[in-house]
Every structure is written in structure tokens, then in C-alpha cells.
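Please open the model in your viewer and keep the selection tool at hand.

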Amino acid sequence: MKLYGPIFLISFSLIIGLNVAFNTSTNSEILLMLLLSIFISFLIDAVVAFIIHKLPRKYFNPYSKFFKVFTFERKFYEFIQIRKWKDLVPETGQLCNFKKNKIYKPNDALYLYKFMEETCYAELMHFLCSILSYGILLLGFINLKLMITICLPIAILNSITQLLPALIQRYLRPRLKLMYNRVIRNNNQTN
């Protein structure tokens, strides 16, 4: 939570401050909409994660065109200095029984391939969650003003916190491919 803690604290402070300053709703309505928005955001994320991990592994081939990382992306990742802050973003791979915060077996081809697959799973899941986080805007039918002052900021916050790990997966996969290809090449030379 090194990076997300301050983001959440500042965001929720702004949301509450905006609602106290500009909203005519009662504090209980504001709190209810805030809690409902957070709950629905977590529910969307959990459902997407569950569905993604039930899909067959063949859809998450790190060498498929769908998961190709382009040269301009790599330059973008260098520009935003992702290497410096990527470790501040929480890694939740242990929830799916695969930690991605460290490469534990750098000379094991099967492990490296599985790692690359997991980056594909995580990338797709986080991108979908980032887009679907705006589904909480449907709560606008309850109170349009609260939807704008609470649901929209929470959707934006969730979208950003989902987008960061997706970018990290795309940043890491080319490096993993290099390691994997090196291990395969070394294994072929020894055989």
C-alpha cells in the first residue's frame, strides 16, 4: 500500500470535502452512496478476476498478437519511469497462487513461461476492471448529484488503480521473454 495508501486518503478526503461543500444531501446519504460505490467497485473487480481466471490458459499465450508489447509502449514506460515506481504498486498475485513481485526461479523455463502467462491474465483483468469501474455510474438513478460527486471520482480512482498494474504487466513481459528465450537457448545448447 506504499503508493495506494496516500492516493486513497487524498481521494476520499477530496470526495468528502466536495460533498460537504457542494452537496445538499444529508451526511447519511453521502456515506451510504460512498459505501455502496466502494462495494460495487470491489464486486466488479472480484467478478472480473473470477471470470478471467476461469478462462482456458490457451487464451493467455504471451506470444500471441493480443499481448504484444510495442516499441512505442516501451518508450512510454521509460518516459513515465515505471521502473522507479512499479514496486510501490501492491502486487496481489498471491490471491491467484502466483506471486509476481519477484522472479523466484530465473533459470526455470516452465516457471518463466507461467510467469508470462500470469502477466497476461493480470493485464487483461486489470484493463477490464479499469473500464468496467465506470459501471458504478449507473447508481446515478439513485441521486444524480451524488453520482457526480461520489460515484464518478470513485470510478476514476478505481480505473487508475487498475490501470497501473496493467501497465506494469506490459512493462515486465518483454523482460521475462528475454529471460525465457535465454533459458531455452541455454537448455538447447546443453542438450
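Select K68, R74, R83, K84 and R175, which together form a positive surface patch; for such a patch, residues with over 30% relative accessible area and no salt bridge are taken, and like charges are joined within 9 Å. A salt bridge here is a side-chain nitrogen of Lys or Arg within 4 Å of a carboxyl oxygen of Asp or Glu. This is a predicted model, in which local features need pLDDT of at least 70 and side-chain atom pairs count only at pLDDT 80 or more, while totals for chains, interfaces and linings use all residues. Residues are numbered from 1 along each chain as its sequence is written, and side-chain values use heavy atoms, with hydrogens and water left out.

Next, select residues 82-85, helix α4, where R83 is found and where K84 also has its place; a helix is a DSSP run of H or I with at least four residues. R83 counts as exposed because its relative accessibility is 59%, and K84 counts as exposed at 60%, where exposed means over 50%, buried under 20% and partly exposed in between, with a 1.4 Å probe and protein chains only.

Step back to Q81, in the loop between α3 (71-79) and α4. Q81 is not a glycine, yet has a positive phi of about 55 degrees, whereas most residues other than glycine have a negative phi. At 40% relative accessibility, Q81 counts as partly exposed.

How values were computed
Patch = residues over 30% accessible without salt bridge, like charges linked within 9 Å, V, L, I, M, F, W, Y side chains within 5 Å. Areas by Shrake-Rupley, 256 points an atom, 1.4 Å probe, with all protein chains shown as cover. Lys, Arg positive; Asp, Glu negative; His and termini not counted. Charge placed at Lys NZ, Arg CZ, Asp CG, Glu CD. Helix = DSSP H or I, 4+ residues; strand = E, 2+ residues; numbered from the N terminus.
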